[in-house]
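Here is a short report on aromatic rings, the charges placed over them, and the overall fold.

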Amino acid sequence: MKLVVAGPFGVGKTTLIRTLSEIPTLHTEEAMTETGAPVDDVAGLTGKSTTTVAVDFGRLTLPGQVVLYMFGTPGQRRFFPLWQDIARGAVGALVLADTRRLADSFEIMDMVEEQGLPYAVAVNCFPDAPVHPPDVLRAHLDLHASTPLVLCDARERDSGLDALIALTEHVLHGLPAGTDPAGSDPAGTDPDASDPAGPDPAGSDPAVPDPAPEQP
C-alpha cells in the first residue's frame with residue numbers, strides 16, 4: 001500500500017518516517033538559507049534548520065503481511081505540483097498537524113480531498129504545543145465524522161504506529177469488497193506498466209515486424 005505522509009512545513013513528517021521505517025530511509029533534506037526566510041516561516045519551530053525539497057521514503061511491514069510504502073512530501077506551497085505527482089497511485093494519506101498552527105493544515109487537507117484520497121489526521125504533540133481534547137481538535141479542523149484523528153509523538157515508534165494503523169484500517173474499511181489494495185501502483189506509474197512488454201506508443205500491429213534500420 002502506497003501512503004502519503006503530508007502536512008505543513010515543519011510538522012514532523014521526516015521524523016515520523018525515520019522513526020517507523022524498517023529500512024534505511026531516503027531523505028532529500030537541504031539546509032535552510034537566509035534566502036528562504038521570507039517564505040519558510042520558522043516562528044515557533046525551535047531548532048529547525050533543514051527542509052525536505054523532494055521526497056522522504058520508508059517502508060513498514062504490519063501484521064497480516066501488509067506492507068506500507070510511506071512517501072513524505074514537502075509542505076510548502078511551491079512544492080504542490082511535486083506533491084500531486086507523488087500522490088499518484090497512493091491509497092491514502094496521513095496528514096500531520098500541529099496545534100500551534102492548526103490553520104496551516106487546512107490547505108493540505110483540501111489538496112488530499114481534491115485527490116480523492118481517504119485520510120487520517122495525526123496531531124503531532126510537540127512539547128511546547130497547546131494541548132486540546134480530540135473532540136475540540138476535530139471541531140477546529142472540521143473533520144468528517146468518519147475521518148480518524150489520533151494524537152501522536154512522531155519521535156515514538158509505538159505512537160507513530162498507532163497513527164499509521166488508524167489510517168490503514170480507514171483505507172481498508174473504505175475499499176469495495178474483494179478489492180486488493182496491493183493492486184494499486186505503489187510507484188505511481190502508468191497502470192499499463194503491468195504489461196511486461198510495455199505499451200506500444202506507435203499502436204503498431206505486433207504481428208508485423210518493424211522495418212530494418214537503414215544502413216549508413
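## Aromatic cluster and fold

F57, Y69 and F71 make up one aromatic cluster. The model is predicted. Searching the whole structure turns up two aromatic pairs. One of them joins F57 and Y69, and this pair is stacked. Its ring centres are 6.2 Å apart, with 20° between the planes. Why does it count as stacked? The planes of F57 and Y69 are 20° apart, and planes under 30 degrees apart count as stacked.

The pair links distant parts of the chain. F57 belongs to strand β4 (residues 56-62), Y69 to strand β5 (residues 66-72). The two residues are 12 apart. Is Y69 buried or partly exposed? Y69 is partly exposed, because its relative accessible area is 28%, and buried means under 20% while exposed means over 50%.

Charged ends also sit over rings. F71, a member of the cluster, has the charged end of K2 over its ring. A further case involves R100 and F126.

| Charged residue | Ring | Distance from charged end to ring centre |
|---|---|---|
| K2 | F71 | 4.8 Å |
| R100 | F126 | 4.3 Å |

Now the fold. The protein chain has five helices and eight strands. Along the sequence they follow the pattern β-α-β-β-β-β-α-β-α-β-α-β-α.

The chain has 216 residues, and 41% of them count as buried. Take contacts between residues at least 6 apart in sequence: 73% join residues at least 24 apart. The accessible surface of the chain is about 12,000 Å². Carbon and sulfur atoms account for 56% of that surface.

Key
Residues are numbered from 1 along each chain as its sequence is written. This is a predicted model: local features need pLDDT of at least 70, side-chain atom pairs count only at pLDDT 80 or more; totals for chains, interfaces and linings use all residues. Side-chain values use heavy atoms; hydrogens and water are left out. Rings of Phe, Tyr and Trp (its six-membered ring) pair if their centres lie within 6.5 Å; planes under 30 degrees apart count as stacked, over 60 as edge-to-face and the rest as tilted. Helices (H or I, at least four residues) and strands (E, at least two) are DSSP runs, numbered from the N terminus. Buried means under 20% relative accessible area, exposed over 50%, partly exposed in between (1.4 Å probe, protein chains only). A charge sits over a ring if NZ of Lys or CZ of Arg is within 6 Å of the ring centre and within 35 degrees of the ring normal. Contact means heavy atoms within 4.5 Å. Accessible areas come from the Shrake-Rupley method with a 1.4 Å probe; for residues, only the protein chains shown count as cover.
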